[in-house]
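My entries follow the order in which I checked them.

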Amino acid sequence: MVNRKWSHWLPNIKKEINETSGIVGLLGVGTGVAGLVIAIPIVVGVGSALLASALGYCVYKGFPERMYKPSELLGQTSPPSILKSLSEHIPAIGIIGASKAGKSTFISHLITTPNPTERTQSVYATIFALQTSPVKYSALLDGDGTQYNQQFKVIDNSSILFVFFDHNASETLNEIDPERIIDHDRFLEQLEGYLKELSNQSSIKLDCIHFVLNKSDSWKENNEEDEQKIISWYENILVNWRRLPYSKNISGSIHSNKNAEDIKSLLNVITGYV
């Protein structure tokens, strides 16, 4: 039998009746007027049919949506709204940051799919299973890193954030790009402003914000001075965000998507909150 929120059926019907009552009222007025010029039995029959049809429509519209087990959607790409259609609550990890910082590549490693060849165009959620006993599930959310509104939508649906940075948009260049660092700083300003706005509306805080300095396999090839510059910039981010009230847990990792141990380390961070 298909799993549904049967306890929601009656409340849904009541909601649909309330929303339909205006239409039914107008039909009733029309039927009453018609009764002045048409035989009463005919009008009563028509009115009863209209009422029955309206009630049937409400019962149909109020039918509870299907609920999915996380295992049914494993590895599939779905809109974030799918999280409301799961038979059990699972943590949602938002993967945010600038475009080409390695977010989608990280997700592809976790769900063991080929690295993406096209840029992310819209917000999506992917259910994946952790290697725990019993098996636990989580959702990974990603969006277009060039669109702040998509990044904010990821935040809206997440309880944990992974914020990805890098030194250069390129996967092959070792040099630290000053414009890239400015882009990250601008993103952090937008992120802080949005979280401040959310905190003014609600007292809910994120379970964790984890900052990821990616592509270490590349920027560590620079001279020691340049390497220390980007590490100092990154460490200052952690210091500053630990002063802010948006999460009790601010942490970070120096990371490379090409390093299996680094992937495992971030997976352990997720497991700690699931």
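The entries below go from ground rules to sheet, helices, rings and loops.

**Ground rules**

I am working with a predicted model, where local features need pLDDT of at least 70, side-chain atom pairs count only at pLDDT 80 or more, and totals for chains, interfaces and linings use all residues. Residues are numbered from 1 along each chain as its sequence is written, and side-chain values use heavy atoms, with hydrogens and water left out. Helices (H or I, at least four residues) and strands (E, at least two) are DSSP runs, numbered from the N terminus.

**Sheet**

I looked up the strand order. Seven strands make an open sheet, E1-E3-E4-E2-E5-E6-E7, with mixed pairing. Two strands pair if DSSP finds at least two bridges between them. Strands of a sheet pair through backbone hydrogen bonds, either parallel or antiparallel.

Which strands stand at the edges? They are E1 (77-78) and E7 (250-254); each has a single partner strand, so one side of each has no neighbour in the sheet.

I then went through some pairs. E1 and E3 are antiparallel over two bridges, and Ser 78 has Ala 125 of E3 as its bridge partner. E3 and E4 also run antiparallel, joined by seven bridges. There, Ala 125 is bridged to Leu 141 of E4. E6 and E7 pair in the parallel sense over five bridges, and Val 212 has Ser 253 of E7 as its bridge partner.

I checked burial of E3 next. Buried means under 20% relative accessible area, exposed over 50%, and partly exposed in between (1.4 Å probe, protein chains only). Six of the seven residues of E3 are buried, so the strand is largely enclosed by the rest of the structure.

A five-residue hairpin joins E3 to E4. Pro 134 sits in that loop, between E3 (124-130) and E4 (136-142). The peptide bond from Ser 133 to Pro 134 is cis, with omega near 0°.

**Helix H3**

How many of the eight residues of H3 are buried? Seven are, and the helix is mostly covered. Among them are Lys 103, Thr 105, Phe 106 and Leu 110. The cover includes E2, E3, E4, helix H4 (148-156), E5 and helix H8 (260-271). Contact here means heavy atoms within 4.5 Å.

I also noted Thr 112, which follows H3 and has a positive phi near 50°.

Axes are lines fitted to C-alpha atoms, for helices over the stretch in contact, and angles run from 0 to 180 degrees between N-to-C directions. H5 lies across E2, E5 and E6, at about 160° to E5. H8 lies across E2, E3, E4, E5, E6 and E7, at about 95° to E3.

The axes of H5 and H7 (residues 224-241) come within 13 Å and cross at roughly 10°. H5 and H7 are therefore roughly parallel (an angle under 35 degrees). The H7 side of the contact is Trp 233, Ile 237 and Trp 241, while the H5 side includes Leu 188, Leu 191 and Leu 195.

I followed Leu 195, which belongs to H5 (residues 178-201). Leu 195 is buried, at 5% relative accessibility. Not counting residues up to four places away in sequence, Leu 195 touches Ile 155, Leu 206, Ile 209, Trp 241 and Tyr 246.

**Aromatic rings**

Rings of Phe, Tyr and Trp (its six-membered ring) pair if their centres lie within 6.5 Å; planes under 30 degrees apart count as stacked, over 60 as edge-to-face and the rest as tilted. A search of the whole structure gave me nine aromatic pairs. Phe 106 and Phe 162 have ring centres 6.2 Å apart and planes at 25°, so they are stacked. This pair links distant parts of the chain, H3 and E5 (residues 160-165), 56 residues apart. Both Phe 106 and Phe 162 are buried.

Ring pairs also link Phe 165, Phe 211, Trp 233, Trp 241 and Tyr 246 into a cluster.

**Two lysines with positive phi**

Lys 100 has a positive phi of about 70°. Its loop runs between E2 (92-97) and H3 (103-110). Lys 215 has a positive phi near 65°, in the loop between E6 (208-213) and H6 (216-219).

Which lysine is buried, and which is partly exposed? Lys 100 is partly exposed at 41% relative accessibility, whereas Lys 215 is buried at 3%.

Conventions
Parallel < 35°, antiparallel > 145°, perpendicular 65-115°, else oblique.
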